[in-house]
Every structure is written in C-alpha cells, then in structure tokens.
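Please open the structure in a viewer and keep the selection panel at hand. The stops below are intended to be visited in order.

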Amino acid sequence: MSTPTYLIRRALQALAVILIVTIVVFALLHALPGGPARGILGPQATAQQIAAFDHEQGLDKPLPVQYLYYLGQLAHGDLGTSYTLNEPVSQLITERLPKTLLLTVLSAIAGLLLAVPLGMWQAVRRNKPVDYVITTLSFIAYSTPVYFLGLILVLVFSQALPWFPSQAPQGHTLGQVLSDPQGLVLPIAAGAASMVAVFSRYMRAATLENLSEDYVRTARAGGSRSRAILWRHVFRNSLTPVVAMLGYYVPVLFGGALVVEQLFNYPGMGLLFWTAAQSSDYPVLLGCVLIISVATVTGTLIADIVQRIIDPRVKAGRA
Amino acid sequence: MTADQSPAAPAAGPILRLDDLGVVFTTQSGEVPAVSGVSLSVDPGETLALVGESGSGKSTVALAAMGLLAGNARATGSATVAGTEVIGAGETALAGLRGRTVSMVFQEPATALDPLTRVGKQIAEVLRNHRDISAKDAAAQAVELLRRVGIPEPDKRASAYPFQLSGGQRQRVVIAMAIANEPALLIADEPTTALDVTVQAEILDLLRRLAAETGTGVLLVTHNMGVVADFADRVAVMYHGEIVETGPVEDVLLRPSHEYTRRLLAAVPRLSVAGEDVPETAPAAASSAPAQAEPVVELDDVSVVFGRGRGAVRALDGVSLTVRHGETLGLVGESGSGKSTASRVALGLIRPTQGTVSLFGTDLARTRSRARRALRSGIGVVLQDPVASLDARMTVGECVAEPLRVHRRALSARDRQKRVAAVLDRVRLPRDVARRAPRELSGGQRQRVSLARALVLEPRLLVADEPTSALDVSVQEAVLDVISELQAELGFACLFVSHDLAVVQHFAQRVVVMRAGRVEEQGDTGTTLLRPETDYTRRLLAAVPVPDPVVQRSRRAERLTTLAAGRTEATA
C-alpha cells in the first residue's frame, strides 16, 4: 500500500474509533445513578430544582437526542461548558492539556531511555545476578500502586533527603512550569516507574528472541563481535515490537498522570478529570475522555508509522 | 582482491583438523553427549562431506569447528583451523578467524539474514570486520561479490532487503558473505536443503566453481546422498555422534564398508533414469488398480485467484486432474507451482475461482454444509510438519479419535477406543502410545499418528502433502511402506504432493507436473518421469542429483551442456 493511501485509510479508521468511544462514554456516563444535578445543587435541592436544572441543561431529553446535540456542538469545536467551573470545557482543556502532555511525554521518554538499555542488558546477562535484580525491581515497580510509589518518593527524596520539592511546579503556562525543573523530577519518576518495569520486560523478551535468531549466527560467522551484533542488528529488530506496544501504552500513561497530578498537586488534565468525576461534571468528563481517546489513537498511529519506517517489510505488507 | 588479503593458510597440511572432538550439551535432564571421538581433516581445495541422519551430530561438528556452539554446549578435544585452535579460544581470536579464514553457509536462507538491513550492507559488514577499508569501498566490493555469486543487477540488488529476494537469491547473498574475504575453509551446513532442485543444482555449481577458483577447502554437511555424489571428494559418515566410516566418495557411496552406511544408502530413493534398467521398484500397484476405475476426486479446469486488483495472484490456472480409486497420483513441481493449492482445492478448503471440483462424484460447489461435511469425512489428510500438525495438548489417542468425535457422534467411548487401537495397529504403532503426548514420540512416529488419524474414518481419499519431507530417509521409507500397504488393503485413492521426484517415482502410479499454477504435463510415472515430453520436466529431472558419483558426474556434464546450448539458442 502506498504511503498516502495508507495514511488516509488509517486517519479514517481513527475517526471511526473516536466516534465509537464518544458513544460508549456518553451512554455509560448517563447510565450512572444520581446525575449531575444532585452533585451540583447539593443534598438539600428539591425535586423541582433538579427538574429545572435537568431541563435547562437538556438532560430531560432522550439520550440519542442529547448525544446528537453534543456531536453537533463538537463539530463546531464546542465541548460544552463545565457545570461546576462555569468555563468552556475547551478552554479548560487547552489550559491544562499541554502540562499533562509535558508530564506524560517526559515520563515516557525517561521511561524508555531507561527501559530499553536495561532490557537489553538483562537479555545479554540472562539468568545472571544483574538480570534477577532488575527483574525483581521491575516486579516491585509494576505491582506498587502509583499513588503509594509517589508517597514513598516524597518521603525519601523530599522529606528524608531534601533533594526535590514535594509539590509540582504551580505555574499556569508551560514556561512557568519549565522554569522549575527540580519540581518535575519526582512526578516524572512516579509516572515513569511502571513504564520502565513493563518496557524493560518487553525489551528483554524481544532481545532474547532476536539473539537466538539465525541472522545473529550468520553475523558471528562473518567475524562480527557480540557488541557490534547487539547494536547493529539485534537492537533494531527488538525495537519493532516494543514500538508497537508503545501506542497501546498511551492510555496507561494518562491514567498514571491522573494519580500523579493529584498527588503532586499538578494542575493538568488529570486533576481536572479527578475533580470533574467527583462532581459528575459531564461536559468536562466527556471532553477529557475524548482527548485521551484522540491521544491513544494518535499514539497507535504514530507507533504504526514508526514501525513502517523501521521495518521495510511492514510497508510491503509482508510482516 | 589482492594477494595480501588471502588468508595466511599454512602451505602444507590440512586447513581443518579435528582430533577426538567431543561435544556435550547440558540440559535440564542432565548432560547429553552429542558428539564423541570425532577426528577428521579437510585439505585445501578438497571437499569433505559429513553425512548422517538428523541427530547424528553432523551440524554440531560443523558449529564446533566455527566455535559457534550454543551456550549450553561444552567441547573437548581439538579443532584447528589453519593451525589455530578453536576449542576454548576467546572471542577476539574467534572473531579474527571467522569470516576471514573460515566461513559458513547455513541451511535456512529465509532466516540467515538480518531482515532489517540491506543485503549489500550485510556483506560490507563482513568485509569491514577484517579489512581496513572505507564504507564506500566496502559497498562497491559488496556489489562485486553479488555479481560473482550470480545475482542479476547487483548494484540495484545490493540495496534490497532480504525479504525482497527469492530463497535462492538469499542463499547467494549468504554465500557472498561467506566468500567475501576469500576464506581458506568453507563450512556449508545443508546449504541447499531448503531450496528447489533446480535452484539446488545452481547453488551447488556456484559453490563448486568458487571453491575451485580459490582453492578453498569445503566441509559439506548434508543428509542428501545425491548432493554428496555431486560435490564431495571424500565422505565421512556419522551415526549417533561418531564417525563410522570415512573414505573417497566412490568407495563410500558405491562400496560402503560399514553396516550403517549400507542401510542408509539402501533407504535412499533413487531416481531411475531413462536408458538404465528400469528397476523392479517401479510402482507395481498400477496393475492392481483398474486403469479406468471411478474417479474419487476430479478437478476440472480449476483456477484460483488470491486477492483482487493489481495485487491479485493467479495460484492455479486451468488445472484439471483426476485421482481414481486405488491409485496414487503424485503432484510435483517447484515451490510456488501451485501443488499445495491444488491439494487444498481437492480438500474443499479453497473455493475455486473458476472450474468445478467433484468429490466422490458430487460437485462440491452444489453441496450444503451438512452434505459437504459428510463428503469431507471421506478424506484423510497428512501434512508435512509432524510437530505442528498434532495438538500438543492432546494425547495421541485423543488426536486420532477426533475425526470420530466429529463425524461418528453415535459411537460409544468404548467403540471409539477400539477403533483407535485398531488403526494404531494398522500404522504399526504400539497401542499404548494412545496415552502419550505427541512430543514424546519421534518424527516418524508422529507422522504415523497423523496417518492413523487420517485413516480412522476409512477414507476413500488420502491427501498427503509432503508427508515425509521432514523425515530422515530410513524413516521416510517406513512411513511410505505403511501407506502403500494400507492402500492395497483399504483401496483408498491417494493424492501425494511432493517436491521429491525420486520418491514420487517409487510411490505414485501417475504423476502431474505443475509449473506456475498450470499443469505442465501428466501421465504414468514410468513414462513421464523417464521420458518426459516437456523441457521443464526434463530440466527438473536433470537437476536431481543421484547418489552415484560416477553417474552423477556425467548427468551434471550433460545438464550443463544442455543449459549452455539453451543459452546460445536463446541469444542466437
């Protein structure tokens, strides 16, 4: 398939996926008991007040009608207005998304930069002490809840050892956030931990598999040294499956951000989502889910394109 | 390539010498000796063939000589290449030796190359491992090497990825890497086993020419006695990790002294050649099967097209063939000729794009699911891979009983067991294998389990797709014998797909030769494979090496003359 045809096809697929996600989330949110009126008007609100609120917000109309209305607005870039913050959702998201993207992208980069060499090191030293130590640490990092891990990081590196602040930078703009890089260290570490654990495992498995491939033996038979073979051949071949996994990991990263932002009081999407979820702020929740699904779909798309670049067989439809 | 780059081989003495070589593998179940007391030598310019069946340790010996044994292997004794000890040598010493003094060509060209690196770059890597030359010079030399190994348009092909090349071309690339630094010793481990016969003949010609040009010693590891007769000067026969016989190729192949060599050679199916006394091994069943018995399966003008539009592939093109009651029809051709597709159409697994398939006199296209299932219960199938075609989570008994569970639901568990036991008897397996797992059996035994499963419903048609090509010759003979005997007893028709013309000649009464999705020619095996009518079949037959060095030498000369004549004709 030629590259433009491929890109158009994938973009259309991505749109369809996002549309389906909005339907599912819309239906699920409205199926929740309670509804937003109770949350906003408080426990003292009368039935009439609730009915009036529902009518005002269009919540008394049939679900499909509400959904179509929402889609119509969406087409105009209008994500609705927050019930609680009285601000347009699009504005809330544009304010906070860059900060969350900064956090997740930096966490992902830090995670991968650690995970890939660690995994390769483990594969080369398979079943040696180093491998066992890293495996154990990986399982601990993976099985510890992010929240708990974050607390430990704060206790150790902020309280016991006063190296880093326990709170994330509080600025409104990216520039303000970046002006305090020290404050980003612990949030990024907390966000990257599970990523390092998961991706070092993938990389270890992929490297081990490739080390036992015939082409490694061919390279050795041609007089190449182990180190050269590892970097020239095995590294690239092992990276392909890892890149494919990366796309699917985007929602996990966002999920991590949700907790990390809450913990370090970082005013990003995660914190926004958290507060919205507690007050049944439908427009904000929908907007966040939409953004996360767009990010996920874009993530997989980028991963697939990168794979096409790394592996010529993918483009030719042979792998 | 200048003289100073040729390896520093000692003027006298063998280029490879193995002395009392032993290899032990450490596994979970303890130490497993693979090779012991192996001593041999290869002189410069000489080809020594190391032959034996799978598990005999021949590949282990080859890898030990390169210092390429797996991590759980321990080698003892001595292996010297050009006077340098390999056993126990460190990585630096080995890396200096590999690709320069000694090179290797592997069995599987599909996986021997890095899939993500352009072939020219992979060849250049071997050059630069041992010579201080610029990337540009190495790239230019890689193109030159591709030209030497007979790759057309080498300057373009150098930037191809391995998946863009055919199997034969990939093997040429591997050979180009092996000869890049003009090694004094070339180790070839089953270099042509994964290739079609015509490609095999070309690769063997290439290796022979390159070795002669540079006086390279060759250690050829193979199980194919035809290849040995075609290529080797001397032969060493391995059995259970030890060398049982060594000698000049004429002596070992024509006058074997060891009992095992004799047995091995007796099991090799030999291609009968026109002009020879037609041996009594020619299929006799033809007489017992009525010449015009009812057709069991009939393909009439069948075409199969995979895909649509520009990417569409015409896998079959107007193929007609008939298999009759009690007879065996051999379906031969090179890879990609459509023989497996044709067998799958006969099974009703692929719907023809055009044409009709009748099974037991019923048009498959007109049947509904239930009737079609009933028809299918009359077919048994045996496939190539004895490991992959049995479910590893089932016992042998469950595997064999599965067709009964599907098609004979009324059968009680006890009756089912009886039928399973009876069919295991028929394929000459002990009844107690029913309780064992497929992985506990040998390849030959597993293939008999597949056969038992295929025959448990007493089918009218057996479709066998390369049923013995993963097996050793001695095992192959036993499996084919079982099929013949049961066919005489049960009278089923057999569609036998194979790339091995010698096996088909011995086993089938009629043969269909396929090429590029079409039937090239068909007829009685005795006629078509002895006096073929088409050039294609003639070329196919000429490319099969026969395990007699004297006969093979003249066949090779004849084939090369014919090819050369064909070439001048074409250019004229």
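Angles under 35 degrees count as roughly parallel, over 145 as roughly antiparallel, 65 to 115 as roughly perpendicular, and the rest as oblique. Helices (H or I, at least four residues) and strands (E, at least two) are DSSP runs, numbered from the N terminus. This is a predicted model, in which local features need pLDDT of at least 70 and side-chain atom pairs count only at pLDDT 80 or more, while totals for chains, interfaces and linings use all residues. Residues are numbered from 1 along each chain as its sequence is written, and chains are lettered from A and ligands numbered from 1 in the order in which they are written.

**First stop: a helix pair in chain B**

Select residues 443–455 of chain B, helix α16, together with residues 473–490 of chain B, helix α17. Their axes (lines fitted to C-alpha atoms over the stretch in contact, with angles from 0 to 180 degrees between N-to-C directions) lie 9 Å apart at an angle of about 20°. α16(B) and α17(B) are therefore roughly parallel to each other. On the α16(B) side, the contact (C-beta atoms, placed from the backbone, within 7 Å) is made by B:G443, B:G444, B:Q447, B:R448, B:L451 and B:L455. Facing them from α17(B) are B:V475, B:A478, B:V479, B:V482, B:I483 and B:L486. By class (Ala, Val, Leu, Ile, Met, Phe, Trp, Tyr, Cys and Pro nonpolar; Asp, Glu, Lys and Arg charged; the others, Gly among them, polar), the residues of this contact divide into 8 nonpolar, 3 polar and 1 charged.

**Second stop: a helix pair in chain A**

Next, select helix α7 (residues 146–160) and helix α12 (residues 250–264) of chain A, whose axes come within 9 Å and cross at roughly 40°. A:V146, A:Y147 and A:G150 of α7(A) meet A:G256, A:V259, A:V260 and A:L263 of α12(A). This contact comprises 5 nonpolar, 2 polar and no charged residues.

An unreviewed UniProt entry places the feature "transmembrane region" at several stretches of chain A, including residues 101–121 and 242–264. Residues 101–121 of chain A are 100% helix and 0% strand, with end C-alpha atoms 30 Å apart. For residues 242–264 of chain A, the figures are 96% helix, 0% strand and 30 Å between the end C-alpha atoms.

**Last stop: where the chains meet**

Finally, display both chains. How many residues does the contact take from chain B and from chain A? It takes 27 residues from chain B and 21 residues from chain A. On the chain B side, the elements that give two or more residues are α2 (91–97), β6 (102–105), α3 (119–130) and α6 (167–179). Of these, α3(B) gives the most, with 4 residues. The side of chain B that touches chain A has 14 nonpolar, 7 polar and 6 charged residues.

Technical notes. Two residues are in contact if their C-beta atoms, placed from the backbone, lie within 7 Å. UniProt positions are given in the numbering used here, feature names are shortened, and annotations may be inferred rather than shown by experiment.
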